[in-house]
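Please read the following briefing alongside the sequence and the model.

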Amino acid sequence: MIISFANQKGGVGKTTIAINLASALASSEFKVLLVDFDPQSHITVGLDIDPQGKTIYSVLSGEIPIDSAIFETKVENLFVIPSDENLSGFEAEVFEDERKQFYLKDKLTSLQSKYDFIFIDCPPSIGIYTVNALCASDFIIIPVLADFFSLEGFSKFFKAVELIKVSLNPKLEILGIVINMYDKRVRLGKEVEEEFMKYFPGKVFRTRIPKSIKIAEAPSFGLPVILYKPSSPGADAFSSLAEEFLERINQFKNA
Ligand SMILES: Nc1ncnc2c1ncn2[C@@H]1O[C@H](COP(=O)(O)OP(=O)(O)O)[C@@H](O)[C@H]1O
Ligand SMILES: [Mg+2]
C-alpha cells in the first residue's frame, strides 16, 4: 500500500505528519518505509540520516539498486529512503522522457510486498515530483491548516489530483484531509474547518493535530514525537490518527 502526503502549499505539515504517522504505525508493529521525495530532504534530516549519496535520486537515475538506499531509523520497523539536494536535478533530466511520470512507480513496485505501508513525502508543488508520487500511490493524504490561504488554494489542488487520477492513475483514492496545527480557540480555524467538512464530506479525518512545540522540536533530536515526548498531546494525536488511518484503509479494502 503506497500513500503520498501532498499539498501544493508548503508549511502545512506534510513532512511532520508523514514522519509521525509512520512512526505511530511502526510502533504498532507495521513495517513502514518513508520515501523522502523532496529535494529539501526534511525527512532525512528530521530522522537524522546521513545518506552518503545513497538516495532516491541515485535510485531513480539508475546508479544504485533501491535496496541499497534503504536505511534503518531509531524507530523499530521504520525505514527511510533518503533524499538530498541532487533530487532537484531530476525534473530537468526527465523533461523529455515520455514516461517521466512513472519513474518512482517503476522503482517502488519491487518493494510493495516487503512493507505494510510505503509513505511518500512530496515537495510543496504539483510539479513532476508530486505527479510521480501520485502515479505510484494507492492513496493520498492531504495535510491542511485551518487558515484562509489553505482553503483558498485547496480547490485547485483537489482538481489537479482528480485530473491525475483520471488521466494517469485510476486507482488513486483520497484517503483524507488532516487538519494540522489546530486551535479550537481560534474562530477563523473553526470556520475554515467547517468549510472543509462541508465541501469535502467524509474526507476530513476526525483527529485534529494540535499545534505543539514538542512536535516542532522533535526533528532537531532526530526523533518522531512519540519517542521524543511519548506522553504529550502531540504524541496522543498521532496515535489516534494512526487508528483512524487503519480504519479508513480497511473501509477501502472491504468496499
Ligand atoms: N502540529 C504542529 N505543531 C507545531 N509545529 C508544527 C506542527 N506541524 C508542523 N509544524 C512545524 O511547521 C513547520 C512546517 O511543517 P512541515 O511538516 O515541514 O510542513 P511541509 O512539509 O508541508 O512543508 C515545521 O517547522 C514543523 O516543525
Ligand atoms: Mg515537507
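Predicted model: local features only at pLDDT ≥ 70, side-chain atom pairs only at ≥ 80, totals over all residues.

Residues are numbered from 1 along each chain as its sequence is written, and chains are lettered from A and ligands numbered from 1 in the order in which they are written.

**Overall fold**

- The protein chain contains 11 helices and seven strands; these are DSSP runs numbered from the N terminus, with helices being H or I of at least four residues and strands E of at least two.
- The radius of gyration of the protein chain is 17 Å, close to the 18 Å that the globule rule gives for 255 residues, so the chain is as compact as a globular protein of that length. The radius is taken over C-alpha atoms, and the rule is 2.2 Å times the number of residues to the power 0.38.
- The C-alpha trace spans about 50 × 40 × 35 Å along its principal axes.
- Of the 255 residues, 47% count as buried. A residue is buried if 20 or more other C-beta atoms lie within 10 Å of its own, exposed if 12 or fewer, and partly exposed in between, with C-beta atoms placed from the backbone.
- Among contacts between residues at least 6 apart in sequence, 77% join residues at least 24 apart; two residues are in contact if their C-beta atoms, placed from the backbone, lie within 7 Å.

**Helix 11**

- Helix 11 runs over residues 233-254, and its 22 residues reach 32 Å from the first C-alpha to the last, close to the 32 Å expected. The expected span is 1.5 Å times one less than the number of residues.
- The buried residues of helix 11 include Gly234, Ala235, Phe238, Leu241 and Phe245.
- An α-helix has 3.6 residues a turn, so residues three or four places apart point the same way.
- Glu247, Asn250, Gln251 and Asn254 are exposed on the face turned away from the buried side of helix 11.
- Among the elements covering the buried residues of helix 11 are helix 1 (14-27) and strand 7 (173-180).

**Ligand 1**

- Ligand 1 is surrounded by 16 residues, of which Gly13, Lys14, Thr15, Thr16 and Ala216 are the closest. A residue is near a molecule if its C-beta atom, placed from the backbone, lies within 6 Å of it.
- Helix 1 and helix 9 are the elements that give two or more residues to this shell, and the largest share, three residues, comes from helix 1.

**Selected residues**

- Most residues other than glycine have a negative phi.
- Ser41, however, has a positive phi near 55 degrees. Ser41 is in the loop between strand 2 (32-36) and helix 2 (42-46), and is buried, with 22 other C-beta atoms within 10 Å.
- Met181 likewise has a positive phi, near 55 degrees, and is placed in the loop between strand 7 and helix 8 (187-199).
- Leu34 lies in strand 2 and counts as buried, with 32 C-beta neighbours inside 10 Å.
- Not counting residues up to four places away in sequence, Leu34 touches residues including Ala18, Ile43, Val80 and Phe119.
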